[in-house]
Amino acid sequence: MSKPRSSELASTGDGRVETWVVVAVRSLLVIDLRSDTLTRPTDAMRAAMVGAEVGDDVYGEDPTVARLEERVAGLFGHEAALFTPTGSMANVLAVRSLVAPGQEVLCEASAHIARAELGAHGAYSGITMRTWIDRRGQVDLPTIRSMFAPDMGPFFVPTAAISVENTHNFAGGAVLPIGDLRDLREYATGVGARIHLDGARIWNAHVATGTPLAEYGAVADAMSVCLSKGLGAPVGSLMMGSADAIAEARVWRKRMGGGMRQVGILAAAGLHALDHHVDRLAEDHEHARLLADACGLDPADVETNIVVVPRSDAAEFVAAARDQGVLVSAVGPTAVRLVTHLDVTRDDAVKAAAVLARI
Ligand SMILES: Cc1ncc(COP(=O)(O)O)c(C=O)c1O
């Protein structure tokens, strides 16, 4: 359960008391499992933000952003990284670094880039997509082979890249095994295709499997990671790739209105999250298994922090849970999604499990 934090109390002046009271009452009553984006920065993270050394990042003069970009690029073994306000922008920049206007990227049908970025890759980058379907969001190499068409003459869109998502959000936080990703890498290299990795929750895959981040990084030509999901930062993602791709992405980020100034304040939250919030993701995974069990699913099927519960009455289920102080979301008419995160304690998970089991 989200507890009101002392810093919020301290920062509350005249006229904001009511806001704090509303927040406090709501947070005391509700266990919010709608998304891992809902976390609020811890007091320690806020302190790190307050103390951040900053400069104008559009001038390339913010030392904290530079430190974050260098550190994250190093973790994944990429030449360079670029801080972005959102994961969607990091994905748009990463995919466009691999795929030219009029070309296509192949991805799984429920991938975030295909379903939840509002057509950004078409709208901004002139890119089309073709998809394969896998209930667990996995790499389907035989189907990818059959779809890959880099040059079928002047009547067909040329395929330039293949995109994968790890963990896969709408497939219930499923992990893509490193072996499958390596096989895809080998295939892509052989046929001259590029690979994009949407690693918004790659941290969860890393903690769940023990696979080093650099091994995930090695399979991708360009990738994104998010600091504002399980890691609990308020804002921030990074795109990674070659130094040339990042130099070009820096221009496109500015063109899209994403050039930020003294943004080291946010980068400091990301650095704090990397220091303190990666290993603890294992707790979120444990809590997710507990919730899955309560919903009649096999906990062993839950690999990370997302549980998708098939329910023909998804809207009613969401309403009944809300009435009992547990917020969950419907993902379509026949499925409910529960997500554990930094602001859900074990006690919260146990309480929510009891409510969901009753429903
Ligand atoms: C897998 C995945 N990729 C990318 C994003 C986009 O992140 P943002 O909301 O910061 O744009 C999300 C958001 O939930 C996501 O789940």
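The model is predicted, with residues numbered from 1 along each chain as its sequence is written, and local features need pLDDT of at least 70, while side-chain atom pairs count only at pLDDT 80 or more and totals for chains, interfaces and linings use all residues. Side-chain values use heavy atoms, with hydrogens and water left out.

Two packed helices are described by the angle between their axes and the distance between the axes. Axes are lines fitted to C-alpha atoms, for helices over the stretch in contact, and angles run from 0 to 180 degrees between N-to-C directions. Helices (H or I, at least four residues) and strands (E, at least two) are DSSP runs, numbered from the N terminus.

Helix α3 (residues 43-50) packs against helix α13 (residues 264-276) at an angle of about 135°, and their axes are 8 Å apart. The two helices α3 and α13 are therefore oblique to each other; angles under 35 degrees count as roughly parallel, over 145 as roughly antiparallel, 65 to 115 as roughly perpendicular and the rest as oblique. Their contact (heavy atoms within 4.5 Å) involves A44, M45, A48 and M49 of α3, together with I265, L266, A268, A269, H272 and A273 of α13. By residue class, this contact of α3 with α13 comprises nine nonpolar residues, one polar and no charged, where Ala, Val, Leu, Ile, Met, Phe, Trp, Tyr, Cys and Pro count as nonpolar, Asp, Glu, Lys and Arg as charged, and the others, Gly among them, as polar.

For helix α14 (residues 281-294) and helix α16 (residues 346-358), the axes come within 8 Å and cross at roughly 15°. This crossing makes α14 roughly parallel to α16. On the α14 side the contact is made by E286, H287, L290, L291 and A294, and on the α16 side by R346, A349, V350, A352, A353, L356 and A357. The residues of the contact of α14 with α16 divide into nine nonpolar, one polar and two charged.

The contact of α5 with α12 contains four nonpolar, no polar and three charged residues.

An N or O atom in the side chain of S88 is 2.6 Å from an oxygen atom of the ligand, and a polar side-chain atom of K229 lies 3.0 Å from an oxygen atom of the ligand. At D198, an N or O atom of the side chain is 2.7 Å from a nitrogen atom of the ligand.

Two backbone features occur in loops. The peptide bond from N166 to T167 is cis, with omega near 0°, and T167 lies in the loop between β5 (159-165) and α9 (178-191). L118, although not a glycine, has a positive phi of about 55°; L118 is found in the loop between α6 (112-115) and α7 (120-125).

Definitions and conventions. A polar contact is a pair of N or O atoms within 3.5 Å; within protein, one must be able to donate a hydrogen and the other to accept it, and residues adjacent in sequence count only if both atoms are side-chain atoms.
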